[in-house]
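Here is a short briefing to read alongside the model.

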Amino acid sequence: MQNRSDAELSPFLSLFAALSYGICSMAMVFINKAVVMQYEHSMTLLTLQQLATGLLIHVGRQMGYTKAKALDSTTAKKLLPVSLFYNANVAFALASLKGVNIPMYIAIKRLTPLTVLTAGFFSGKGKPTTMVALSVLLTAAGCVIAALGDFSFDLSGYSMALVSVFFQTMYLVLVEKSGAEDGLSSIEIMFYNSFLSLPFLLLLIVVTGEFPISLSILFAKSNSFYFLVILTLSLVMGIFLNYTMFLCTVVNSALTTTIVGVLKGVGSTTLGFFLLGGVQVRALNSDWIGYQHSWWLVVYICQISAKKEQTTNIRYRGSS
């Protein structure tokens, strides 16, 4: 795995990481929605996803398919906050999907660039460009307006989605820092994350009362071929989503990952109006959501231009 400075000089790797994360993220929204409509125990689902991730990487290490290093206690302590924030984000996101339709869930998650920029500013990364800052603020305003036009407004669902935004910001910033300063690959971060997550998740499903009822329901539903298919897809796509998300954050930045998350909402939002329960379309929703798609495409182009300029500067300094 290339370190951060090398990765910055590879625009193809950056583009691949961004595209693969966008595709996996869009698919995962619908797969998770399909699963929670059949199986409401979201924390047990998250535990199964992390267990499958850890086992797959461990087997891959043993068979020589990956060069991920063995677990180290010092590194595990550094990545513990990443794991806690990651699982909190996914847990609140899964729970919010029970009360929030997909288009509005995606709109709420578009607040993440605002929180990432704010966190970056206070952590010493400097001020963002005028274009990016203005776009983030307008998108935040658009989320509020779109929410006002949501016929199926659910206070609990919206609250959990907003909490998920906060936790997503924290773990993305920490993942970016870990990749840049500690030189960890995306697979290694994912391996540590799954390992550190399991004790916390096992305790949580016991405390919340999901266990053992959730397992009983899981075994009962295993007779359904449809449920087994979407459950397997959820586990597999969960692994791919984690890998591409960590890869995009390490290779690019936390801000780029959130911008890709906004752009992938084009397909997700359009399909979400019609699939898996859908939502009653209202002009106030559709107009602002469509506006945000167009505007953020412009922002992404500006971000790519800034990336190329940064790469040119790095090469120039290296040759001088």
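A residue is called buried when its relative accessible area is under 20%, exposed when over 50%, and partly exposed in between, using a 1.4 Å probe and protein chains only. By that rule, 50% of the 320 residues of the protein chain count as buried. This is a predicted model, in which local features need pLDDT of at least 70 and side-chain atom pairs count only at pLDDT 80 or more, while totals for chains, interfaces and linings use all residues. Residues are numbered from 1 along each chain as its sequence is written, and side-chain values use heavy atoms, with hydrogens and water left out.

**Overall build**

- The protein chain has 14 helices and zero strands, where helices (H or I, at least four residues) and strands (E, at least two) are DSSP runs numbered from the N terminus.
- Contact means heavy atoms within 4.5 Å; of the contacts in the protein chain with a separation of 6 or more, 88% are between residues 24 or more positions apart.

**Nonpolar cores**

- In soluble globular proteins, nonpolar side chains tend to be buried together.
- A nonpolar core is a set of buried Ala, Val, Leu, Ile, Met, Phe, Trp, Tyr and Cys residues joined through side-chain atoms within 4.5 Å.
- The largest such core has 51 residues, and the members that touch the most others are L46, V175, M245 and F246.
- Helix 11 gives the most to this core, eleven residues in total.
- A second, separate core holds 17 residues, among them A93, I108, Y158 and V165.
- Neighbours within four places in sequence aside, L46 is in contact with N87, V90, A91, L94 and L201.

**Aromatic rings**

- Rings of Phe, Tyr and Trp (its six-membered ring) pair if their centres lie within 6.5 Å; planes under 30 degrees apart count as stacked, over 60 as edge-to-face and the rest as tilted.
- There are six aromatic pairs in the structure.
- One of them joins Y39 and F227, a tilted pair because the ring centres are 5.9 Å apart and the planes lie at 55°.
- This pair links distant parts of the chain, 188 residues apart: Y39 is in the loop between helix 2 (11-38) and helix 3 (42-62), and F227 is in helix 11 (residues 225-251).
- Y39 counts as buried at 1% relative accessibility, and F227 is buried at 1% as well.
- A single aromatic cluster is formed by F85, F92, F166 and F167.

**One side of helix 6**

- Helix 6 (residues 112-122) has T112, P113, V116, L117 and G120 as its buried residues.
- These residues lie on the same side of helix 6 because they cover an arc of only 130° around the axis, the arc being that of the directions from the helix axis to the C-beta atoms.
- An α-helix has 3.6 residues a turn, so residues three or four places apart point the same way.

**Cysteines**

- A disulfide is a pair of cysteine sulfur atoms within 2.5 Å, and a search of the whole structure finds zero of them.
- C24 counts as buried at 10% relative accessibility, while C248 is buried with a relative accessible area of 0%.

**Individual residues to look up**

- T44 sits in helix 3 and is buried at 3% relative accessible area; residues up to four places away in sequence aside, T44 touches Y39, I205, E210 and S214.
- T66 belongs to the loop between helix 3 and helix 4 (73-96) and is buried, with a relative accessible area of 18%.
- Neighbours within four places in sequence aside, T66 is in contact with I57, G60, R61 and I187.
- F200, in helix 9 (residues 186-207), is partly exposed with a relative accessible area of 32%.
- F200 is in contact with L84 and N87, leaving aside neighbours within four places in sequence; F200 and N87 are 113 residues apart in sequence and 8.8 Å apart C-alpha to C-alpha.
- T256 lies in helix 12 (residues 254-263) and counts as buried at 10% relative accessibility.
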